[in-house]
Amino acid sequence: MREGTLEARLLDVLGRDAVVMGEGVAAYTVDGLQPRAAVRPATVEQVSELLRLAHAERLAVVCWGGGTMMGLGNRPLRYDLALDLRRLDQVVEHEPADLTATVQAGITLASLQERLGRHGQMVGLDPPYPRRATVGGTLATAVAGPRRLSLGHPRDITIGMRVVLADGRVTRAGGRVVKNVAGYDLCKLYTGSLGTLAVIVEATFKLYPRPRAEAALFFSFEGAEGACRLAREGRRRGLALASATVQRQEGAYLLLARLAGTERAVERSALELHSLASPLGGETVAGVMDRWEAAMAAPAGPARGLTLRWGLLPARLPQAMERLGDLSPSLLVAFPTVGTLYARWEDIDDAAALMAAEGARRLAREWEATLTVHSCPAALKEGLDVFGEPPSSWRLMRQVKERWDERGVLAPGRFLGRL
Amino acid sequence: MPVERSIVRELQRIVGKRWVLYRPEELIVYEYDGTIERALPEAVVLPGSAEEVAAVVRVARRHGVPVTARGAGTGLSGGAVPCEGGIVVATTRLNRILEIDPENGIAVVEPGVVNLEVSQAAAPFGLYYAPDPSSQRACTIGGNVAENAGGPHCLRYGTTTNHVLGLEFVTPEGDLVWLGGRTPDPPGYDLVGVVVGSEGTLGIVTKAVLRLLPRPEATITILAIFDDVDQASEAVSVIIAQGILPAALEMLDRATMDAVEPYIHAGYPPDAGAVLLIEVEGLREEAQEQAQAVQGICQELGARELRVGFSPEERERLWAGRKAALGALGRLAPSYYILDGVVPRSRLPQVLRGVYEACERFGLRVANVFHAGDGNLHPNLLFDEREPGATRRVLDCGEEIMRLCVEAGGSITGEHGVGYEKRDYLPWIFSQDDLSAMAALKEAFGTAGLFNPGKVFPTHKGCGEVSSAMRKAIAKVGPDAYI
């Protein structure tokens, strides 16, 4: 379709204020690729119309939320339209007495938490940069910050979804009740699918009550073992740990433990962590700057540096951290009870980054871990699949992609195995 | 299509002669599950390894014979009921706990392992497996995975889907693959998430990696006794609305207690209108504060009596009574029909009133015993199938109750599954497009009707039709049923 025709069709579907063409599209660059147009629909119907058009014309569509994770994923094979969902920012239904809420995909986490907070509730999503990160983006990337320790993974709290399929049909999965086994749980399939199967436009969550008390504790250790062990021991004892992060800083390993719960539970948990820390060689320190957000972010735009993410068995983390610590990363952050490890090198040229990524792959095999190249310069993505080698179930995944998006409308090439 | 002798011989070559059953007298114990539905398979295979399961699937596929996987047969939606003319893959011999890894909080088990055995194996390390269906002494992990089994303590900890990290899985092609794994955030689509709860229609699980949780420091059990059901269900709604999430929050009504007490002597008051069996867990401090808050709410809503401070034996008896409630109902009537619906927790009092009204209108006695904190209702309609027209009335009443749940914004099944029985109700909550997206998953897996055809979704292939007729004859549950 020629540019003039494309513009006319988009204007027809969405109206003037929802279509960006020309210079404005530069803001929607993904891995060095600019789309032909960006669209900002205000209704689910418009999203549906748009996908109908894209499906008929075989246009490739990449979804956008706050752009905090757009660096994650393989380079799209084609990129015609940026679908910016941030105008879909409504709370559709919040029934405080049910501890559930249905919201549109474009609402930011900060804004949603503020709304729920008025009723003493919160949603258990914990992406970096919540002022920009949207609900839809958090689900599509399945990004879970350190509070995953207490709140679970996005997949565990999402009880319903409304999505627009590649051909524009609007469908639902799950429901609005906290327990439900009616039909296949397609919410799970869409969570973490990086916009390659469907466009998430609405989600229903089970909510948590807000904790009455919170506290933050910081401990410094010489080695990673003590820091990780303290966190795991705290969890084993059921202490009121909301999150635990271990980060390497100036050669030391810092444990940042956040506590949440009732006043007495938080108070006792703090005392117990303190008394557990000393025998493990930990010293209490103050005023530590939490680096997990910087480690996890994979912003859009020309990416500098290299961020790698490993998924390990938690018990292997200390050894892995020490090993990587020797390679002088600018950031080294782990969630010690979960087994997630982020390492970032800020100033690294492409050749060195490629070598590092290959070396990281070898380490992953040695550690029986998974490795994702979480963020890297676009040029690097030419030669590698950022998600690594396809697993034994890859054929099923390919068949799912083919069945859901036969025409390659939804972020083609962006997923594992360039699906 | 009947299984021919040549297929039996092929199966025997894979698993060994003694592990293929095909004589009618051997097959009869494999014809049922916790529902009334029955169908005789042509053969039952008992493989001893994942590779054997895969080989059996390849044979079945080549001959176009449907396959039904079977654990303990305690399911409540016909998931393990064979397809007529099909073969059953029983996981009886795949019953090994392969690994308990306390450092990483993981268990690796075969599908035939009994649910409770996982917690027992993990107990020396202070760990346990959280999902606790009432049938947990009998039901298997494979079945739990297939049905996304719940249980009383799922209120706080979530259902099976929240505790499965990875699955070894036989695809419809007969390939052995891993979905997910032991480490967090495996790359690719979350196929574990869709296979859990797929009711045996996508493939057969041959190993499961399960998450183990540390045992909580303190557990406080509270029995709140009410004169009437309305007060009790109000209390449930208020507890949730105040943001209190107990570990378990169960309700038993008078009819249920009438059945349970003479049989189990669990300690439920015989003259109460309803009781709430509540458990709060966590650190001592936390559990105590929650217990006080819960008791305060119950008192305010007119609880006649609050009992706490149970000994471990007393607690176990209360739970034994709760978990064996369904079996006990047989004392009240020759037949009963179990319903499984979900409503938003704020609507519980209203819907429960509707349930009693409907039953009165249909002239049926009802016993309610259910996961109140989740809004997961289990009305059990009591009747005598020999009485002319009784079965019809039960089915009509059941359908009306399902409608009440859906109209309140709920679901047609919270934990038992769709199976045959409820596939016609799916369109009440899903559009044709919603359902075709689900059906697309089956196509993507390439099942071609190989696994449990006719369940969850309607099909034109043989065994669904047989059961459709049987569905009309639903009258009572089998001997191994639990809710």
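How many residues does the contact take from chain A and from chain B? It takes 65 residues from chain A and 71 residues from chain B. Two residues are in contact here if their C-beta atoms, placed from the backbone, lie within 7 Å.

This is a predicted model: local features need pLDDT of at least 70, side-chain atom pairs count only at pLDDT 80 or more, and totals for chains, interfaces and linings use all residues. Residues are numbered from 1 along each chain as its sequence is written, and chains are lettered from A and ligands numbered from 1 in the order in which they are written.

## The chain A side of the contact

On the side of chain A that touches chain B, α14(A) gives the most, with 7 residues. Helices (H or I, at least four residues) and strands (E, at least two) are DSSP runs, numbered from the N terminus. The elements of chain A that give two or more residues to this side include α8 (224–236), α9 (263–277), β19 and α14 (394–404). By type, the residues of this side divide into 29 nonpolar, 21 polar and 15 charged. Ala, Val, Leu, Ile, Met, Phe, Trp, Tyr, Cys and Pro count as nonpolar, Asp, Glu, Lys and Arg as charged, and the others, Gly among them, as polar.

## Domains

Domain bounds come from an automatic or database domain assignment. Chain A is divided into domain 1 (91–209), domain 2 (213–285) and domain 3 (292–381). Chain B is divided into domain 1 (5–90), domain 2 (97–214), domain 3 (218–407) and domain 4 (426–471).

| Domain pair | Distance between centres |
|---|---|
| Domain 1 of chain A and domain 2 of chain A | 30 Å |
| Domain 2 of chain B and domain 3 of chain B | 28 Å |

In the chain A pair, 4 residues of domain 1 are in contact with 7 residues of domain 2. The domain 1 side of that contact has 2 nonpolar residues, 1 polar and 1 charged. In the chain B pair, 7 residues of domain 2 are in contact with 10 residues of domain 3. There the domain 2 side divides into 3 nonpolar, 3 polar and 1 charged.

## Strands in chain A

Start with strand β16 (residues 306–311) of chain A. This strand is mostly covered: 6 of its 6 residues are buried. A residue is buried if 20 or more other C-beta atoms lie within 10 Å of its own, exposed if 12 or fewer, and partly exposed in between. In a regular strand the side chains alternate between the two faces of the sheet. On β16(A), Leu306(A), Leu308(A) and Trp310(A) lie on one side. Thr307(A), Arg309(A) and Gly311(A) lie on the other, and both faces are covered.

Which strands pair with β16(A)? Strand β18 (residues 340–345) of chain A runs antiparallel to β16(A), joined by 6 bridges. Strand β19 (residues 370–375) of chain A is also antiparallel to β16(A), with 5 bridges. Two strands pair if DSSP finds at least two bridges between them. Leu306(A) has Trp345(A) as its bridge partner in β18(A). Trp310(A) stands opposite Leu341(A) in β18(A) and opposite Leu371(A) in β19(A).

Phe335(A) stands opposite Thr340(A) in β18(A). The hairpin of β17(A) and β18(A) has 4 residues between the strands, and Gly339(A) takes a positive phi near 105 degrees there.

## Chain B and its helix α4

Chain B has 17 helices and 20 strands. Its C-alpha trace spans about 70 × 60 × 45 Å along its principal axes. With 483 residues, a compact globule would have a radius of gyration near 23 Å, and the 22 Å of chain B agrees. That radius is taken over C-alpha atoms, and the globule rule is 2.2 Å times the number of residues to the power 0.38. Buried residues make up 60% of the 483 residues in chain B. Of the contacts in chain B with a separation of 6 or more, 73% are between residues 24 or more positions apart.

In helix α4 (residues 115–122) of chain B, Asn115(B), Val118(B), Ser119(B) and Ala122(B) are buried. They are on the same side of α4(B) because they cover an arc of only 90 degrees around the axis. The arc is that of the directions from the helix axis to the C-beta atoms. The buried residues of α4(B) pack against elements of chain B including β5 (97–101), α5 (141–147) and β10 (204–211).
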